[in-house]
Amino acid sequence: MIDDADKALLISLFDEAVRAADPETCLAGHIPARPKGRTVVIGAGKGAAQLAQAFERQYDGDLAGVVVTRYGYAAPCEQIEVLEASHPVPDQAGIEATKRIIDEVTGLGPYDLVVALVCGGGSALLAAPPDGYDLSHEQELNQALLASGAPITAMNAVRRRFSKVKGGRLAALAAPAKVLSLVVSDIPGDIAADVASGPTVPAQSDPKDILAFAENYAIELPEWAPMALSAPAAAPPSADSFANLETRIVASARKSLEAAAALAKTRGIKAHILSDALEGESREVGRVLGAIAREAATGSLWPKPLLMLSGGETTVTLKAKGRGGPNTELLLGLASAIEGVGDITAMSADTDGTDGSEDNAGGFADGGTLARLRAKGLDARALLNQNEAYTAFEALDDLHAPGPTGTNVNDFRAILIR
């Protein structure tokens, strides 16, 4: 059984990381002055409603607008309409919500201001397939991307070429109004154009590169997709066609990891931030992190206690239709690398509160995780092969389920070594 005190410490570090990306905190200092014309707020992502709520509280003036978030992630707003839609695969509600957002930014003038509140999850929530295609095509493309295990930057590069709003197109629709994008980054490297596939941030892409992504990551694109992605109309508008855009990263994995490290220091624990941009197959990244932790725990080079922190977004190549997500798969991989080693406790959880499609953000593992699974008649390798990592940690009561957090700066990983 995982030590209760260590689990409580890891949860407090996760909470501190989330708090550093809280909309009330991260928007402070980024609220614009009132323009001569109207202020229109739009947004998309799993934390879009909370960003809209915080923006309303801090903005000095009248405003209007629409944001779309995932089902169950809404927050009450007084002037901004909050809509809900499906994530990670788009649905008709996402189509309708995107139409509402397009309507809000259409017909604005040079003295108007559009504030775009953008965060992770927006790629699925902003559903607007190109002319000649419909929701079924967008769903089919997203399902192929999600099953591939490709990194988020590659997936969003594809999504940008199959949309009426991504890749800066939404900003183009708002012209000649000024567009201020306030971005909560869930992308390794904090590339604003990749967050929610950059609806208000222009980014160029070559169709040859997109098809190379598909080949390199074994993305099984639908038969119709190569032609759609290569069409001249699929190219996003170029950056030099925009004259009145401003983009700010207001929260990121790095800032949240630094906040967790500072809290650990007050508890007398030295924290090492390994990276805020780890990518790769979840179970393999877990095994690598576990090997590093095992070396640190059994060797004498690193004084103990110590904490290893990391962020980024790992991915899962789906082989079956099990229950699980990147964080629980990572933990099973890590558990296999630290099996039998005491004094190591790990947590991996998504800062948005949801790992995959289940109700948990992630979970906890230690050197006894695999033994406890075997005692319950469960085999970690078989569960991984079935993409059933959720089942493993549910059986051990080692899930972490904080509910929607209102923000999203990617995965948070903490490995405590006593």
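These are my notebook entries on a predicted model, taken feature by feature.

**Ground rules**

I number residues from 1 along each chain as its sequence is written, and my side-chain values use heavy atoms, with hydrogens and water left out. Since the model is predicted, local features need pLDDT of at least 70 and side-chain atom pairs count only at pLDDT 80 or more, while totals for chains, interfaces and linings use all residues.

**Entry 1: the largest pocket**

I began with empty space. Rolling a probe the size of a water molecule over the atoms shows where empty space is left. I worked on a 1 Å grid over the protein atoms alone; a pocket is an open set of points where a 1.4 Å probe fits, with protein on both sides within 12 Å along at least five of seven lines. A lining residue has an atom within 4 Å of a point. Grid points are joined across faces, edges and corners, and the volume is the space filled by probe spheres set on the points.

How much space lies in the largest pocket? I noted about 850 Å³. Its lining has 45 residues, and the closest to the centre are His87, Pro88, Leu146, Pro326 and Gly356. Helix 5 (122-125), helix 6 (135-148), helix 7 (152-160) and helix 13 (326-337) are the elements that give two or more residues to this lining. Helix 7 gives the largest share, 4 residues. Helices here are DSSP runs (H or I, at least four residues), strands are E runs of at least two, and both are numbered from the N terminus.

I then sorted the lining by type: 13 nonpolar, 18 polar and 14 charged. Ala, Val, Leu, Ile, Met, Phe, Trp, Tyr, Cys and Pro count as nonpolar, Asp, Glu, Lys and Arg as charged, and the others, Gly among them, as polar.

Most residues other than glycine have a negative phi, and most peptide bonds are trans. I looked for exceptions.

His87 and Pro88 are joined by a cis peptide bond, with omega about 15°. Pro88 sits in the loop between strand 3 (80-85) and helix 4 (92-105). Ala175 and Pro176 also have a cis bond between them, with omega about 10°. I placed Pro176 in the loop between helix 8 and strand 5 (178-184).

Asp190 has a positive phi, near 55°. I found Asp190 in the loop between strand 5 and helix 9 (207-216). Buried means under 20%, exposed over 50%, and partly exposed in between (1.4 Å probe, protein chains only).

Asp343 has a positive phi too, near 70°. Asp343 lies in the loop between helix 13 and strand 9 (344-350). I list Asp343 as exposed, because its relative accessibility is 53%.

**Entry 2: salt bridges**

Side chains of opposite charge can pair when their charged atoms come close. I counted a salt bridge where a side-chain nitrogen of Lys or Arg is within 4 Å of a carboxyl oxygen of Asp or Glu. The count comes to 21.

Asp352 pairs with Lys46, and their closest N and O atoms are 2.4 Å apart. Asp352 is in the loop between strand 9 and strand 10 (362-366) and Lys46 in the loop between strand 1 (39-44) and helix 3 (48-58), so the pair ties together parts 306 residues apart in sequence. Asp352 is buried at 1% relative accessibility. Lys46 is buried as well, at 8%.

Glu246 pairs with Lys178, with closest N and O atoms 3.5 Å apart. This pair links strand 6 (residues 245-251), which holds Glu246, to strand 5, which holds Lys178, 68 residues apart. Glu246 is partly exposed at 27%, and Lys178 is partly exposed at 32%.

Asp276 bridges to Arg254, again with closest N and O atoms 3.5 Å apart. Asp276 is in strand 7 and Arg254 in helix 11 (residues 253-266), 22 residues apart. I also noted one network, in which salt bridges that share partners join Lys7, Asp366, Arg372 and Asp398.

**Entry 3: a buried lysine**

Lys166 lies in the loop between helix 7 and helix 8 (169-174). Lys166 counts as buried, because its relative accessibility is 1%.
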